[in-house]
Amino acid sequence: MRSHFTALTPLKPYEVFTIMFLNEKAFIKDFKKVLASQYGKSLETASYEDYCTALSKMVRDELTERWVHTSNIYRTRETRQVYYFSLEFLMGQCLESHLIYLGLRDICEKGFAEMKLDFQKILAAEPDAGLGNGGLGRLAACFLDSMASLRLPGHGCGIRYRHGLFVQKITDGQQVEIADGWLREKSVWEIRKPDKAVVVLFNGRVVSEADENGELHFETVDATPVRAIPYDIPVPGYNNNTVNTLRLWRAESMEQEIDFTSFSRGDYIGARLNSYLAESISEVLYPDDSNYQNRVLRLKQQYFLCSAGLQSIIRTYRGKDKTRDLRGFADLVCIQINDTHPALAVPELMRLLMDEHGLGWNEAWSVTTRTIAYTNHTIMPEALEKWPVDTMRELLPRIYMIIEEINRRFCAELAEVYPGEEERWSRMAVIGDGVVRMAHLAIVGSFSVNGVAAVHSEILKTVVLKDFNEYYPQKFNNKTNGITHRRWLIKSNPELAGFISETIGAAWIDDPSLLVQLAELKDDAAALQKLEAIKRRNKEKLAAYIVERNAVSVDPDAIFDVQVKRIHGYKRQLMNLLHILHLYDRLRNGSDIGAPRVFLMAGKAAPSYYFAKNVIKLANVIASVVNNDPVCKGKLSLIFLANYGISSAERIFPGAEVSEQISTASKEASGTSNMKFMMNGAVTLGTSDGANIEIFDAVGDENGFRFGLGVEEVLSYYAHGGYNPHSVMESDPRLRSVFRLLQGGLNEHMPPNEHHISSDEFINIVCSLLDYGDEFFVLQDFDAYVKAQKDISEAYADRRRWNRMSLINIAHSGIFASDNTIRQYANELWRISAPSR
């Protein structure tokens with residue numbers, strides 16, 4: 001069924017491009033030639049990694065002409081462009097997507113079949129790029145895909161991390177972090193451009209000098225310079241010959257690679273010290289911030305990204321002759337910062353405009369506040385970034401001076417508008433309580449502040465950033481997140497994509513809103529049976545993947561109930577586990593639990609987040625118990641898949657039937673896994689939080705399972721000091737039984753070959769629920785969650801009803817395609833459009 005979306009006739013929006021290989025024979029000839037000329041190997045001597053690299057090089061070469069042409073179009077037509085600044089870009093594997101977008105996938109698959117090579121094994125040999133961690137980075141990747149596929153002039157700006165977050169291993173049930181060396185071999189997709197390098201300065205001191213007009217000019221001296229080298233990666237659009245750019249920056253020392261004098265006297269570490277200190281900036285994604293050195297390193301990363309990116313953009317804007325007036329910068333450039341990590345773009349753009357290019361404060365401020373837009377991704381005030389003043393002043397002295405002046409002027413404005421309201425001034429100040437408040441800096445220095453789901457944006461306006469919304473009502477808006485249907489349906493679930501194209505035609509590929517036409521088939525028995533058969537085959541594939549990864553067999557006839565996301569208290573993986581313990585307790589007591597269940601969990605915990613790591617340990621202990629207890633056989637399983645990432649997600653979503661979106665209401669900004677599950681036909685079990693609300697609004701409550709406290713109830717509890725979790729536990733016999741298992745009772749059921757756990761192994765979890773107030777209302781929502789799970793079991797027994805629900809979810813998922821979100825950004829904020837053909 002792949003022919004519905006891979007055997008494409010390439011569009012020619014600008015000019016005719018030559019396709020390297022138009023049939024299998026030409027492809028085989030070219031492939032063998034590349035393998036020999038580039039790698040000195042034959043089919044017989046090459047490895048699957050070699051095959052993957054050779055094919056990737058052929059595809060990159062196929063993209064390059066389009067890439068250059070796209071850049072020339074933007075340059076010669078003076079096209080307004082947007083640059084998406086993000087610390088993360090979770091791109092996943094690129095090879096198969098690029099083949100699909102070029103319409104070459106079928107040719108390659110047939111060619112490799114002729115050569116008797118396993119095409120899937122070749123695709124699997126590509127490493128996942130270690131450039132992101134979770135939803136923030138995946139959103140950025142989806143947005144880049146949509147910009148290119150809509151032919152919009154938009155690019156990414158990030159850091160080329162040598163090591164990703166970490167590879168997660170599970171040892172004795174516990175998370176162990178191992179370095180993710182995804183760049184051990186150079187990425188075939190990137191092009192290093194040393195001629196485009198810029199210099200970023202750290203530390204030092206600021207000196208000033210007055211000119212003949214008495215105007216002060218500032219310069220940073222005695223600073224530590226770091227060279228920023230760009231590596232460009234192509235971002236192709238779907239079947240349209242547009243190729244945008246993801247520019248990633250690597251940090252290198254300005255000095256020679258080694259100090260030869262130190263090396264000669266045997267000081268090998270000292271000989272490379274300066275190089276190492278510089279390179280550490282782009283060494284690791286999100287260094288553990290539990291120590292001071294790593295916190296400083298994170299701040300370095302943020303400034304490095306902003307300074308390198310802005311210097312490059314200004315250079316491009318000014319052109320080769322460097323004559324274009326920077327007062328018009330905002331007319332051709334928009335910078336979208338993805339959360340507060342790149343908020344230093346505000347003072348850095350000011351510094352560049354004033355110190356490097358001679359603009360006055362007012363001129364520079366006008367340009368900056370018309371150029372930068374800010375996306376907020378968190379409702380939790382404690383998650384809004386703050387940096388100690390002393391750290392900022394020492395590491396970035398000139399930047400801190402500019403932030404101080406921004407703060408002084410802003411507070412003066414507040415004093416005029418709100419005379420005598422010192423408390424309000426203090427709440428809104430950019431600098432306060434000894435810290436720089438990065439969200440406040442981003443708001444004051446931007447023209448737009450958007451949330452990422454309707455309820456999230458409303459909470460920002462009415463609670464978290466209420467003061468700012470009252471002061472800047474025109475800045476605040478909502479742009480609900482989205483996902484690219486090309487990866488999460490076309491690539492990940494080709495059989496479902498083929499079914500859709502057979503049923504409603506292929507136009508939905510270019511316009512995912514057309515998926516709604518599927519809803520007309522909600523009472524078509526034949527269509528529903530086809531849909532069920534596709535889901536069954538995807539479940540069988542997922543079951544095989546589970547055996548491959550965990551050596552545990554699961555029953556494809558069971559409900560596949562899935563929760564995959566970063567492990568965090570507010571995401572409430574713990575509530576899921578308590579429910580599994582409840583089901584296990586029922587089975588041990590001879591009670592019925594309804595439909596058989598396979599619970600699948602995956603996600604990483606931050607290395608210093610002990611509670612989350614304890615939840616992972618609990619999940620693996622429970623899995624060991626239930627998967628080995630004969631009483632659970634064919635009725636209850638729990639799988640924790642280690643090292644969750646894009647490639648594993650692409651295996652999981654097509655086979656999922658229940659989408660666990662159970663965060664505490666008011667805590668999840670949006671979520672995007674909920675959209676991916678929905679698009680693949682899973683039914684949402686969720687709270688009224690983030691984009692869940694919009695999903696339920698789209699499909700109707702009868703096509704999902706909503707439960708638990710609402711946003712207003714949660715906020716009311718917080719305002720009045722919470723609730724009494726002890727009384728909830730004591731009044732619920734199910735919870736009392738679950739707590740007995742938590743506090744040592746699981747030992748009675750551990751497999752003989754497993755280490756027994758101490759009675760206080762999970763004391764941290766127990767205390768969080770009972771003694772520390774149950775911050776995320778796990779026990780308060782437990783009863784509603786159990787009832788919703790029972791409703792799922794009953795609904796699943798009615799196959800026609802369940803398949804109808806699945807189809808309706810797919811039909812309405814088109815509104816969550818990132819193409820829609822990007823169109824809103826482009827039309828309402830960025831003011832960009834596709835160049836004329």
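In this predicted model, Met254 turns up in the loop that links strand S10 (243–253) to helix H8 (260–264). Its relative accessible area is 31%, so Met254 counts as partly exposed, a label for residues that fall between the buried limit of under 20% and the exposed limit of over 50%.

Pro347 tells another story. This proline sits in helix H13 (residues 345–356) and is buried, with a relative accessible area of 0%. What does Pro347 touch, leaving aside its neighbours within four places in sequence? Its contacts are Ile399, Ile402, Ile403 and Leu441. As for Met380, 33 residues separate it from Pro347 in sequence, and the two C-alpha atoms lie 25 Å apart in space.

Ile399, Ile402 and Ile403 are among the buried residues of helix H16, a list that also includes Tyr400, Ile406, Phe410 and Leu414. An α-helix has 3.6 residues a turn, so residues three or four places apart point the same way. The length of H16 (residues 397–417) can be checked too: at 1.5 Å a residue, its 21 residues should span 30 Å, and the end C-alpha atoms are 31 Å apart, which agrees.

Then there is a hairpin. Strand S7 (residues 205–210) pairs with strand S8 (residues 216–221) in the antiparallel sense, over six bridges. Ser208 faces Phe218 of S8 across the pairing. Five residues lie between the two strands, and Gly214 in the turn has a positive phi of about 85 degrees.

Key: Residues numbered from 1 in each chain as written. Predicted model: local features only at pLDDT ≥ 70, side-chain atom pairs only at ≥ 80, totals over all residues. Heavy atoms only, no water. Helix = DSSP H or I, 4+ residues; strand = E, 2+ residues; numbered from the N terminus. Buried < 20%, exposed > 50% of the residue type's maximum accessible area, 1.4 Å probe, protein only. Contact = heavy atoms within 4.5 Å. Expected span 1.5 Å × (residues − 1). Pairing = 2+ DSSP bridges.
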